[in-house]
Amino acid sequence: MVLTCFEAVTGLKVNMNKSEMVPIGEVVGLDDLATLLMCRIGSLPLQYLGMPLGASYKAMGIWNPIVEKIERCLSGWQKIYLSKGGRLTLLKSTLSSLLTYYLSLFPVPVSVAKRIERIQRNFLWGDMGEVHKYHLVGWDKVCSPIQFGGLGVRHLISFNRALLGKWLWHFGLEELHLWWWILVAKYGVERGSWTTKQPRGTHGCSLWKHIRMGWDVFSSHFGFDVGLGDRVLFWHDRWCSDRPLRELFSSLFGLSLNQDDIVEAVLVSHRPGRPREWNLSFGRSFNDWELDQVMAFYSLIHSHIPRVAFPWKIIWGVKSPRRVAFFMWTHTNLVRLVGCCIHKEERMLIYEYMPNKSLDFFLFDPVKKNILDWKKCFNIIQGIVQGLLYLHNYSRLRIIHRDLKASNILLDIEMNPKITDFVVMSPEYVMEGVFSTKSDVFSFGVLLLEIVTSQKNYSSYHFERPLILIGYAWELWGEGRGLELIDPTLDVLVHGQKLRDGEQLVSADGTYRLEFFSPGTSRNRYVGISFNIPDDKTVVIANKKVVWVANRDNPIADKSGILMIDEFGRLIISHSGGSVFVSNSVPAENSATASAMLLDSGNFILREQNSDGSTRQNLWQSFDYPTDTLLPGMKLGMGLKTTDRWSLRWSLTSWISENNPAKGSFTLTCGSNMDGASMMVIWWQGNAYWTSGNWQNGHFEFVPRLSNDGYNNFSLISNENEMYFTYSLNKNHNLSRYMIDSTGAILEITGLAPFGGGPCSYGSYPGCVKQQLPECRKPDDRFEQRKGFMSGEGFKFDGNYNLSLFDCREKCMNNCSCIAYAFTENNQTSCTIWSKGVNFKENNYSYSQEIYVLIVVKAKWWIWFVPSLAGFVALLVLCVLYNFIQRKIREKGKSEAEQEILLCELGVSTANSSRSRKRKVFKRGKKKVSVLQFFSYESIAAATNNFATTCKLGEGGFGPVYKGKLADGQEVAIKRLSKNSGQGVVEFKNEIILIAKLQHTNLVRLVGCCIQREEKMLIYEYMHNKSLDLFLFDPMKKDLLDWTKRFNIIEAIAQGLLYLHKYSRLRIIHRDLKASNILLDATMNPKISDFGMARMFGQDQSEENTKRVVGTFGYMSPEYAIKGTFSMKSDVFSFGVLLLEIVSGKKNNRFYHREEALNLIGYAWELWREGKSLEIADPALGDSYHTDGVLRCIHIGLLCVQESPKDRPPMSDVVSMITNETLSLVPPKQPAYFINRSLPEIMLEDFSINKVSISEMEAR
């Protein structure tokens, strides 16, 4: 039973064949017990490692083998002729090798010591014979050190005492050993636990009693380096001098009331954080003759105030060795402990800060794990390995972590891993076998699997039986499918790994992802590369993020698809219906080394690697097989050789529809004409549809601009191997594409590109190849989209034709009998056309079909004759009745004519044209931008409660503004043109035409208008927070505008202006940008409004002059106010003024200087020159703003209000300055209106209503 318990507790196996039972006294049945246990019977003393076990430590017999060995060795050498030096060397080596181990464990008896010394004397002074010689030098002198004239031979009794004294040294320092605990339990401790109490009695004291007797001698040879002072006696121990204080200052010791106190008890701190001071008590006051001794005493102890050592035990517990933290601080993959805090009951550790938190924060997050590409993951694994290897092998003590997991791996700013959260054991505890370094190895293995898979170990990964990650990995490994564990969000697909439907590869920088997808409403599955952006982003046209499709003509009917590399090193898509080859490259020499990687450029490459991981060759890449999109770095052209990859042709082919990525009928190519000049061509069903003209002077003949922004760099490369067109991006812009759609239009990332065949179906444009219409068709014939059904059957083109909606329209247009067409199937690959003889019946049921019906404009002479005749008769009647109703008829005729002209100019007669709508309305998903609505006067009167005063929001230059609620519940703002307004029909028409065409989140939306009788009204979306000036210049409400809201408003206004100036089809100059024309919605998002003064520019038009200067003084640029010249830089000036107003909360047309009349611009300029720009910041901002952000906005504002228009930056640069904080800014020049001076020879006609100033200036 005893042996069984011993094995269970220790984990050790007792080998009975090599064991002996030793009886103590007389034991009955010992032979039977030995037979049962299969061991031998022994007797005391036993020998173990040459040591007698079970004998008394004073027994003479234990020394006999040692003495005999010494005598035998020395006698053998005695017969050899040796010099005295040689004999002395042999004598010392014999004592070191044979005697030292025993002397460190047992006290040597005097008789044994004398016997060994006699043998040593005879060997040292004897010769080769056996004749006795007298020793003329005393043995004590021989054992003296060499510097004192001796030979340095060790004196055995002194050497024995010194070796046994080391146990006293070990007892004071090694509190974790078993022998220490045994001695403490048996004798107790004293002197601050540096030693045990003196053993008493005659029995059971044995060896330690003998060792403890040397304490006084031992303690006279060491001193203390005081830390906390909790184990050092103030008066009795040597800690501040080589003698105890009770000996140095015996008289003071006699007076002390703290004679037995420890240092910690007399060293106190009166306040936390203050230095500790001595607090000693004496029995009486000191006499005058004692003061010198007292001063010397205090000088000595004040010069030795102990510093508090690092509190190892308090933090790590009793079992923690003091050297643990040292190892935590000396490796780059272990977190660094900066310090600690110990205050009352508080215990705090201060570590270096890790900006990226812990590994699990990235590893198990479905979005953030995309940041961890394989390179980063491998570096993290390698760093953890190095940290553990250091703890296990390269620290002075083996450290076992015991809690290695993803949350205990911290990541610094460069994603380098650092192990943290140590729970450390003593090395002795480890050596006993309870824990080992292999425990950490197991934890590391789990963590490694988690990093590779991005899955937690304790989740379930098997449908039939609950397997954790380890079990799941083992199952896959046993089945030879280990690579299926790899996290599919990494950017590499290796041979043997499978990318299943629902998984994805993400490029290292997170810009692109490769995955299975279904376009639009289709249920078919495709493998494609797309922009890795959230679905709610609207920067991609029609929400189409896909830039490349692997199997565009081979869809998969279900979600069984798997992308992988086959045994020949080719990319294939395996599914339930078979396989689809993605790459048609030459098979790899070694398919096991093939891998596919999604690059940051969006290129998906298949490569073969060498054994060291380097690329041997690229087998295939998606950039060589584009679909409908050209990305930066892709080529559009052809190879000029007939071998290898030089025979490729790089072209773009449109999708059939949004729901079907199969090859459509439009193809964009780049090649050479008969003259050898390079050009781009759009082909429609094999026929030229649009050409760019020849490439000359860095652009194409018919395409002066290739982009609507300045972020792209275009080039055309032509050499002996290839000829192609390509482009790259400027720095800090990484999202770009050119796409050809199903109508032949070329689209950029944000809208129509300034080239392509989009407009060719509407008329003659530069580059368009003229399309011949049949004689039965007229240019005005159009098809109108309606919902309903046809009364008869039509002719159906099956799916093999792959017809887009554009193709179907052209087939119907070229068929003189065709009156309607529509898609036939949901997959939108086939269409049906209907001929004459069937009728269209309209209904709006959910199952109704969308049919495009032909609208023919019939021109017959009698249609014009009847109205003309009626007009002539009406004119005669008017002439006859002229004298009676002259005034009434004249006013009514004028009003009706005006309304008719206005409706005509607004394009009401063409509002329903599908062709026009297709040109002006972009689709976003399935929704279309609603067309302008016309409201009756009665509906508007009902919405405003007959224009009640309670519904009135305010009044501007246009007229009063009312809040209304339409019949459908929509809240709107209604601007009613006032008879006394300085604005009229021109401004009304201008605003309604412009704003109806503009679509931007930072431009106010026009719901509709009302033109009836003499009423002219504009109906806008309702802005709950009214205008910006209501908050900005109100001393109470401006507190609601913290810096974050103001900066968002500044950025949004800049984006709205950039759209007007650059990204709308025509350049729009607002001409009246000010705080009251910035409306705020319910979430304080700004929207630019009031386009009555706006003007349209052509894309090649930079400025214009006018004699009628309109706007608000203080916001108008000087060249516009004085000369009538306006351009985009006029709006930039107004934006600069508005920006300074937003930052300062002050109006521009006020005075802000005591000595000279400075407006806000001049005041800001003065402060800028004096380096005091922050003084202009609105005090209402408080501490909510960032100094650098406010200074940058002031800087940008001053750049915008510079006097010369050429010096002012365009809005594209302004937006870059605002959004890119790293972009350096040039110093501003002196602004316009530096001093608020009057304008000579200018007459200002101010139409001011309710502080809204709409002004006109005319030169005399």
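Visitor: Which residue in β50 is the bridge partner of tyrosine 962?
Guide: This is a predicted model, where local features need pLDDT of at least 70 and side-chain atom pairs count only at pLDDT 80 or more, while totals for chains, interfaces and linings use all residues. Residues are numbered from 1 along each chain as its sequence is written, and side-chain values use heavy atoms, with hydrogens and water left out. Strands (E, at least two residues) and helices (H or I, at least four) are DSSP runs numbered from the N terminus, and two strands pair if DSSP finds at least two bridges between them. Strand β49 (residues 960-965) runs antiparallel to β50 and is joined to it by five bridges, and in β50 the partner of tyrosine 962 is isoleucine 974.

Visitor: Which residue takes a positive phi in the hairpin of β49 and β50?
Guide: This hairpin has five residues between its strands. With a positive phi near 95°, the residue in question is glycine 969.

Visitor: Which residue in β52 stands opposite alanine 973?
Guide: Strand β52 (residues 1015-1021) pairs with β50 in the antiparallel sense, over five bridges. Within β52, leucine 1018 stands opposite lysine 975. Opposite alanine 973 stands tyrosine 1020.

Visitor: How many of the six residues of strand β50 are buried?
Guide: Buried means under 20% relative accessible area, exposed means over 50%, and partly exposed is in between, with a 1.4 Å probe and protein chains only. Strand β50 (residues 971-976) is largely enclosed by the rest of the structure, because the number of its six residues that are buried is five.

Visitor: Over the ring of which residue does the charged end of arginine 976 sit?
Guide: A charge sits over a ring if NZ of Lys or CZ of Arg is within 6 Å of the ring centre and within 35 degrees of the ring normal. Elsewhere, arginine 231 lies over the face of tryptophan 194, at 3.8 Å from the ring centre. For arginine 976, the charged end is 4.0 Å from the centre of the ring of phenylalanine 947.

Visitor: Is the pair of phenylalanine 783 and tyrosine 821 stacked or edge-to-face?
Guide: Rings of Phe, Tyr and Trp (its six-membered ring) pair if their centres lie within 6.5 Å, and planes under 30 degrees apart count as stacked, over 60 as edge-to-face and the rest as tilted. A search of the whole structure finds 44 aromatic pairs. In this one the centres are 5.0 Å apart and the planes are at 75°, so the pair is edge-to-face.

Visitor: How many residues apart in sequence are the parts that this pair ties together?
Guide: At 2% relative accessibility phenylalanine 783 counts as buried, and tyrosine 821 is buried with a relative accessible area of 3%. Phenylalanine 783 lies in strand β39 (residues 782-790) and tyrosine 821 in strand β41 (residues 818-823), so the parts they tie together are apart in sequence by 38 residues.

Visitor: Is arginine 607 buried or exposed?
Guide: Arginine 607 has its place in strand β23 (residues 604-609). Not counting residues up to four places away in sequence, arginine 607 touches (heavy atoms within 4.5 Å) several residues, including Thr593, Met597 and Leu619. At 13% relative accessibility, arginine 607 counts as buried.
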